[in-house]
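Visitor: I am new to this structure. Could you take me through a pair of its helices?

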Amino acid sequence: SGWADEFPWPRWNDHKYSRGHAIVVGGAEMTGAARLAVQSAMRVGAGIVSIAVPTESAVIYRVSLPGAIVRPVRDTGTFREIIEEPRVSACLVGPGNGVTIATREKALAALRQKLPVELDADAISVFEETQDLLFSSIESPCLMTPHDGEFERVFTVEGHKIARVRQAAQLSGATVLLKGADTVIAAPDGRVAINDNAPPELATAGAGDVLAGFGVGLLARGLDPFDAGCIATWLHGEAARAFGPGLVAEDLPDALPGVLKELKEFERIGK
C-alpha cells in the first residue's frame with residue numbers, strides 16, 4: 001500500500017472533536033444507506049458523526065446507531081443551523097436521500113457553507129438538469145463519488161475513462177471518483193489515480209454507501225478530497241478482500257479494523 005504514510009492515525013493528544021466531526025444526511029425511507037455511511041465514517045476514524053434526518057424517521061436512526069448523534073431536520077433552515085456549527089468539519093449528502101428538491105437544497109447549503117463536502121448518489125442525480133448550478137456552487141473541497149449512470153447525468157464528456165474523469169474534475173472543480181472495477185479518481189489540478197484492488201464481491205447493494213462513509217470520515221479528519229478518495233477506495237477494496245466470499249455491505253465497516261491494523265504494521269515495518 002502506498003497510503004500508510006498518508007493515513008491520519010489518532011495522535012496521543014486527540015479528543016473526539018480534533019479527530020473530526022462528520023455530518024451525514026439521512027433519508028426518510030431508504031434509511032439503510034445513510035446508516036451504512038455513518039458506521040463507515042466512525043470506523044475510518046471520524047471522532048464524532050452526526051446524522052441529520054427528517055423528524056419523522058429520527059427514531060429509526062436512534063435505535064440503530066447508538067454511537068452517532070441523531071439531529072432531526074424539519075427543513076433546509078434547520079439543516080443549515082446544524083452545518084453552521086463551528087466544530088463541523090465535513091458533510092456527506094446523498095445516500096438514500098431521494099432525488100428531491102430537499103436533497104438539492106441540502107447539497108447546495110453544504111457547498112455554500114464552504115465545508116469539505118462529499119456528494120454521492122441522489123445528491124449527484126438531482127443536478128441532472130442543473131449541472132451549471134452545481135458546478136458554480138463548488139468553491140471549497142468537494143468529493144463526488146458517482147457510478148457510471150450518475151456520472152453521465154451531470155457530465156457530458158468524451159474519451160476513455162481517465163480522460164472523462166479528468167475533464168469532469170476540471171469542469172466541476174470537484175475531485176471526481178468514478179466507481180467501477182477500475183475506480184478512477186481525478187482532482188481538478190490534474191492528479192489522477194486508478195484503483196484496481198476491488199474484488200467482484202463488492203458488486204452488492206450498499207457497498208457504495210460504505211465507500212461514501214469512508215470518504216466523509218477521511219474528509220472530516222482533514223485530508224484533501226483526492227487523498228480521501230484514493231485512501232477510501234483502497235480501504236474499501238481491501239476490506240472486501242479480507243472478508244472474502246459471502247460479503248454483504250454491512251460486513252465492510254466491521255472488516256476495516258483488521259485492514260487498518262495491517263496498514264499500521266506495514267507503516268511501522270517501513271520505518
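This is a predicted model: local features need pLDDT of at least 70, side-chain atom pairs count only at pLDDT 80 or more; totals for chains, interfaces and linings use all residues.

Visitor: At what angle do the axes of helix 1 and helix 9 cross?
Guide: Helix 1 covers residues 31-44 and helix 9 covers residues 207-220. Their axes come within 7 Å. The angle at which they cross is roughly 40 degrees.

Visitor: Is helix 1 oblique or roughly parallel to helix 9?
Guide: Only angles under 35 degrees count as roughly parallel. The axes cross at roughly 40 degrees, which makes helix 1, relative to helix 9, oblique.

Visitor: Is the crossing of helix 1 and helix 9 left-handed or right-handed?
Guide: Residues of helix 1, including Leu 36 and Val 44, meet residues of helix 9, including Val 210 and Phe 214. The handedness of this crossing is right-handed.

Visitor: How many residues of the contact of helix 1 with helix 9 are nonpolar?
Guide: On the helix 1 side, the contact includes Ala 33, Ala 37 and Ala 41. On the helix 9 side, Asp 209 and Gly 213 are among the residues. Three residues of the contact are polar and one is charged, while the number of nonpolar residues is nine.

Visitor: How many residues of helix 9 are buried?
Guide: Helix 9 has 14 residues and reaches 20 Å from its first C-alpha to its last. It is largely enclosed by the rest of the structure, because the buried residues number 13 of the 14.

Visitor: Which residue just after helix 1 takes a positive phi?
Guide: Helix 1 has 14 residues and reaches 21 Å from its first C-alpha to its last. Just after helix 1, a positive phi of about 125 degrees is taken by Gly 45.

Key. Residues are numbered from 1 along each chain as its sequence is written. Side-chain values use heavy atoms; hydrogens and water are left out. Axes are lines fitted to C-alpha atoms, for helices over the stretch in contact, and angles run from 0 to 180 degrees between N-to-C directions. Helices (H or I, at least four residues) and strands (E, at least two) are DSSP runs, numbered from the N terminus. Angles under 35 degrees count as roughly parallel, over 145 as roughly antiparallel, 65 to 115 as roughly perpendicular and the rest as oblique. A crossing is left-handed if the near helix is turned anticlockwise from the far one by less than a right angle, and right-handed if clockwise. Contact means heavy atoms within 4.5 Å. Ala, Val, Leu, Ile, Met, Phe, Trp, Tyr, Cys and Pro count as nonpolar, Asp, Glu, Lys and Arg as charged, and the others, Gly among them, as polar. The expected span of a helix is 1.5 Å times one less than its number of residues. Buried means under 20% relative accessible area, exposed over 50%, partly exposed in between (1.4 Å probe, protein chains only).
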